[in-house]
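Reader: Hello! Could you take me on a close look at a single part of this model, and then show how it sits with the rest of the chain?

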Amino acid sequence: PSPSAAVDAILDLEQRIRLLDQEIAPLTGETAKKLKKIENKLNETNSLIDSSIGSKDDKAALRKTKRNLRERRVRLWAKLEALPSLQQERTDLQVEVDDLAADMESCPHDTRLDAFPQ
């Protein structure tokens, strides 16, 4: 590719990498923390359901809460399951950037900005 096309391709790939980084960052920290909180709440809810404390209505409300927590847990797990493929996609894009940059370095024409007279 021409130097201009290679630069455009690198900029496009770097933009895609930044977007992926924005998707990946919250998954690695925040989602795991949320999942841990949900697990703790589920354990507490199960303990309350298993105890003999509370009315029939209280138990029904707790079962509904448990169902909602399980649904949230499933959604979070789905997000976490996407993480490896997002990380692989990011790695693949970075390899493309590195390859294009290496091709530009080995190009017989000097495409560096400092090669042009000022």
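Author: Happy to! Glu 23 is partly exposed, with a relative accessible area of 44% (buried means under 20%, exposed over 50%, and partly exposed in between, with a 1.4 Å probe and protein chains only). Before going further, please keep in mind that this is a predicted model, in which local features need pLDDT of at least 70 and side-chain atom pairs count only at pLDDT 80 or more, while totals for chains, interfaces and linings use all residues. Residues are numbered from 1 along each chain as its sequence is written, and side-chain values use heavy atoms, with hydrogens and water left out.

Glu 23 belongs to helix H1, residues 3-50 (helices are DSSP runs of H or I with at least four residues, strands are E runs of at least two, and both are numbered from the N terminus). On the surface, Glu 23 gathers with Glu 89, Asp 92, Glu 96, Asp 98, Asp 99 and Asp 103 in a patch of negative charge. Such a patch takes residues with over 30% relative accessible area and no salt bridge, and joins like charges within 9 Å. Asp and Glu count as negative, Lys and Arg as positive, and His and the chain ends are not counted; a charge is placed at CG of Asp, CD of Glu, NZ of Lys or CZ of Arg. Helix H2, residues 56-105, supplies the largest share of the patch, with 6 residues.

The structure holds 2 of them, each defined by a side-chain nitrogen of Lys or Arg within 4 Å of a carboxyl oxygen of Asp or Glu. In one, Arg 90 pairs with Asp 21, with the closest N and O atoms 2.5 Å apart. Arg 90 is in helix H2 and Asp 21 in helix H1, so this pair links distant parts of the chain, 69 residues apart. Arg 90 is partly exposed at 26% relative accessibility, and Asp 21 is partly exposed at 28%. Arg 73 and Glu 39 form a salt bridge at 3.4 Å, N to O. Because Arg 73 lies in helix H2 and Glu 39 in helix H1, this pair ties together parts that are 34 residues apart in sequence.

Thr 31, also found in helix H1, counts as buried at 6% relative accessibility. Leaving aside neighbours within four places in sequence, Thr 31 is in contact with Pro 26, Leu 76 and Leu 80 (contact means heavy atoms within 4.5 Å).

Conventions:
Patches are made of residues with over 30% relative accessible area and no salt bridge: like charges are joined within 9 Å, nonpolar side chains (Val, Leu, Ile, Met, Phe, Trp, Tyr) within 5 Å. Accessible areas come from the Shrake-Rupley method with a 1.4 Å probe; for residues, only the protein chains shown count as cover.
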